[in-house]
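Work through the exercises below with the model open. Each task is followed by its solution.

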Amino acid sequence: MPCHYNTVAASARLCFMVCLTLTVGLTSGSEPNQEFTFLLPAGSTECFYQTTTKNDSMEVEFQVIAGSGLDVGFALISPSGYRLISDFRKSDGIHMVDHTEDGDYRLCFDNSFSKLSEKMVFFVVAINSQSNTGGGRDEWADVTVTESMVEYQLDDIRARMDSVYQHLERSRQVQTALRTFEARDRYLLEDNLWRVSFWSCLNLFVILTVGVVQIYTLRRLFDGTKRVCT
């Protein structure tokens, strides 16, 4: 019975630590991604701001999903005022900043070159905060000391859970990108369908008009009767 009790107690401690790992690992990992879809008017520029801390990593991805030409200009400006990235008339792009500064990064989308067509733009900003990745380790110190008899290593469990979390976040980013690609392709298909339908109807109308005119002209040629006096 004492052996059975020790086994049950160890299993209970293990379940508690796994639950704690899930809670701390998922809440103290990377910050949630910022996703936004907006309408960029013709001949205008829109800027957004993302706050970061020093030595973080930031990933910015954008796609134009609707609008004539499917292209915009993009610029990423650091808090100190340096233009880190500058794209001109691109339909999509992915940019990384490995070591960020303290302050607000400015993300600007430019549609000033288009005077008539507005654009629908989707972008996502992913921040990997180095300070947050180690924020939960202090909470684990006491648990590690009190549960030292358990043969499972808490650090290994937490490292595995962090890895799973990072892979899930990356999978979600890929799925979001695929959805935006699908939305852009659907817009292109619908726009092409409208153009094909319009020009097909116009050509059909011209063909019918020409046919009616030809038939009317031929009938007028043969309907003319001349009287012959004898």
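**Exercise 1.** How many aromatic pairs does the structure hold?

*Solution.* The structure holds 15 aromatic pairs. Rings of Phe, Tyr and Trp (its six-membered ring) pair if their centres lie within 6.5 Å; planes under 30 degrees apart are stacked, over 60 edge-to-face, the rest tilted. Take Phe36 and Phe38: their centres are 6.0 Å apart and their planes 15° apart, a stacked pair.

The model is predicted: local features need pLDDT of at least 70, side-chain atom pairs count only at pLDDT 80 or more, and totals for chains, interfaces and linings use all residues. Residues are numbered from 1 along each chain as its sequence is written, and side-chain values use heavy atoms, leaving out hydrogens and water.

**Exercise 2.** Classify Phe36 and Phe38 by accessibility.

*Solution.* Apply the cut-offs: buried is under 20% relative accessible area, exposed over 50%, partly exposed in between (1.4 Å probe, protein chains only). Phe36 is partly exposed because its relative accessibility is 38%. Phe38 is buried because its value is 9%. Both belong to one aromatic cluster, along with Phe48, Phe62, Phe74, Phe109 and Phe123.

**Exercise 3.** Which strands does E4 pair with?

*Solution.* Pairing requires at least two DSSP bridges.
- E5 (residues 83–90) runs antiparallel to E4, with 5 bridges. Leu76 stands opposite Ile85. The hairpin has 5 residues between its strands, and Gly81 in the turn has a positive phi of about 100°.
- E7 (residues 103–110) is also antiparallel to E4, with 5 bridges. Ile77 stands opposite Arg106.

Technical notes: Helices (H or I, at least four residues) and strands (E, at least two) are DSSP runs, numbered from the N terminus.
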